[in-house]
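Me: I'd like to learn how to read a few features in a protein model. Could you walk me through some?

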Amino acid sequence: MEVKDRMKIPRQKMPEQDPKARGKNFDEVPYGYDENTAVTEAQRCLKCKKPPCVEGCPVEIDIPGFIVCIENKDFDGAIRKIKETNGLPAVCGRVCPQEDQCEVRCVVGKKGDPVAIGRLERFAADYERNKGNVFIPEIPKSTGKRIAVVGSGPAGLTAAGDLRLMGHDVTVMEALHKEGGVLVYGIPEFRLPKAIVKAEVDYLGKLGVKFISNYIVGKTRTVDELLEEYDAVFLGTGAGLPLFLNIPGENLIGVYSANEYLTRSNLMKAYLFPEYDTPIVRGKNVAVFGGGNVAMDSARTALRLGADNSYIIYRRSRVEMPARNEEIHHAEEEGINFQLLTNPIRFIGDDKGRVKGVECLRMELGEPDDSGRKRPVPIKGSEFVIEIDTAVVAIGNSPNPLVPATTPGLDTSKRGTIIADEETGLTSREGVFAGGDIVTGAATVILAMGAGKKAARAINEYVMKK
Ligand SMILES: Cc1cc2nc3c(=O)[nH]c(=O)nc-3n(C[C@H](O)[C@H](O)[C@H](O)COP(=O)(O)OP(=O)(O)OC[C@H]3O[C@@H](n4cnc5c(N)ncnc54)[C@H](O)[C@@H]3O)c2cc1C
Ligand code: SF4
């Protein structure tokens, strides 16, 4: 097909659940491409010789390579190509910020809409999983080296998979009862079904990675104790500690951190009521504070748990919102009430100590601040109260402190992140590597995976020289 004909094909839409219906259920919102649509979308790719999209991908997927397979209807070939560098394709196809990474660099996007790389990745992964016949690559002869991976989020899972494919004996230790990190306890079912994360974790199990859950490194065993048994340790413990607003009334009943709210809904299955009777306040008027993916997920979860009004309260404007555009758009379609340029100043309680309102100030945008975004400035005398019965604070997370606190000689930054070499993940302790949110602070799935990949390479070199 000629380039000009490829350029004429419009970006293929992905069908999704009707916004009214989906506000009442936890089923996944987009349905994914069918085979014909995927092939048509694949025809839009120009298979560039020096593909800029690949440079935007932290795990270096051969993007034109897998897309040409889809165009030729070789769907098995497509997923094998992706899996050469990415062990979590169904996850990445769903939640990666493609619009800021591979797709933003796509040359087709210079004149129109970029190739839907993420949707094609999702298609290839779903095709393989739905067929029920997952390809298992051959594992090289055992090296006899033992590696401990602490934390089973995307950083830990990626490091574990890559190290196993190098022939090492890998054990993943996870504090919670289920593997997946934020992919299972944070991101809700309607965006990333748990069954998909489980399938990708099971794939690692089939490769021979061992998993131990309910195992808290720093309490069950320390890193120093692990080093007596293992040749190297990878720390992928994430940024699981919630930040709070630090305003009066934050201790009132009905005020949650997003971590607790989403964990109760996702991991403790409050969303499956009445099958699971997990305690969670099912507010009628819920306010969520923040403008990132976590805030969108919380507001949309509140709606699905039965709220009449689910507010996003954010102190800047829509343009500065850090959430993915697609998710802001989905939230708008579902009727989430956006109170932009609005900052909470105190929670108001009733005589039983329950939250009944939040007082806010309207803001305007001033000069850019350290983050490069316009600074929100309060408008004097603009105080007003929103009546609420539940509040969810989603303004960010800081690193999990337990491992640094129990590992002498492990250097950390002022923000509490572990200091690690960007290229190798090596920390200040010999044989101890780290990557993902515990090093960068709260970031993205694909960056955590990229860090896990780089660390796996360095760990391999380290243990093989030992
Ligand atoms: C609600 C929500 C929505 C998000 N949406 C997106 C999105 O759409 N796209 C995107 O790219 N990113 C998104 N993110 C961010 C992304 O999920 C994280 O950047 C990513 O999961 C970080 O991976 P990680 O492996 O470093 O850590 P995590 O996923 O946090 O995993 C760390 C794991 O380590 C375990 N652990 C911690 N301490 C210990 C210990 N001492 N011993 C044993 N185990 C321990 C934890 O229980 C956890 O399972 C979202 C985050 C949240 C919270
Ligand atoms: S930049 Fe766009 S057109 Fe070029 S190979 Fe990548 S996806 Fe295809």
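Predicted model: local features only at pLDDT ≥ 70, side-chain atom pairs only at ≥ 80, totals over all residues.

Me: Okay, on to helices. What's the general idea?

Reply: An α-helix has 3.6 residues a turn, so residues three or four places apart point the same way.

Me: And how far should helix 10 span, given its twelve residues?

Reply: Count 1.5 Å a residue and helix 10 (residues 154–165) should span 16 Å; its end C-alpha atoms are 16 Å apart, so the two agree.

Me: How many residues of helix 10 are buried?

Reply: Buried means under 20% relative accessible area. Eleven of the twelve pass that test, so helix 10 is largely enclosed by the rest of the structure. Among them are Pro 154, Leu 157, Asp 162 and Arg 164. Just after helix 10, look for Gly 167, with a positive phi of about 95 degrees.

Me: What about helix 15: how many of its residues are buried?

Reply: Ten of twelve, so to speak mostly covered. The buried ones include Met 296, Asp 297, Arg 300 and Leu 303. Helix 15 (residues 293–304) reaches 16 Å from first C-alpha to last, close to the 16 Å expected. Just after helix 15, Gly 306 has a positive phi of about 110 degrees.

Notes:
Residues numbered from 1 in each chain as written. Chains lettered and ligands numbered in written order. Heavy atoms only, no water. Helix = DSSP H or I, 4+ residues; strand = E, 2+ residues; numbered from the N terminus. Expected span 1.5 Å × (residues − 1). Buried < 20%, exposed > 50% of the residue type's maximum accessible area, 1.4 Å probe, protein only.
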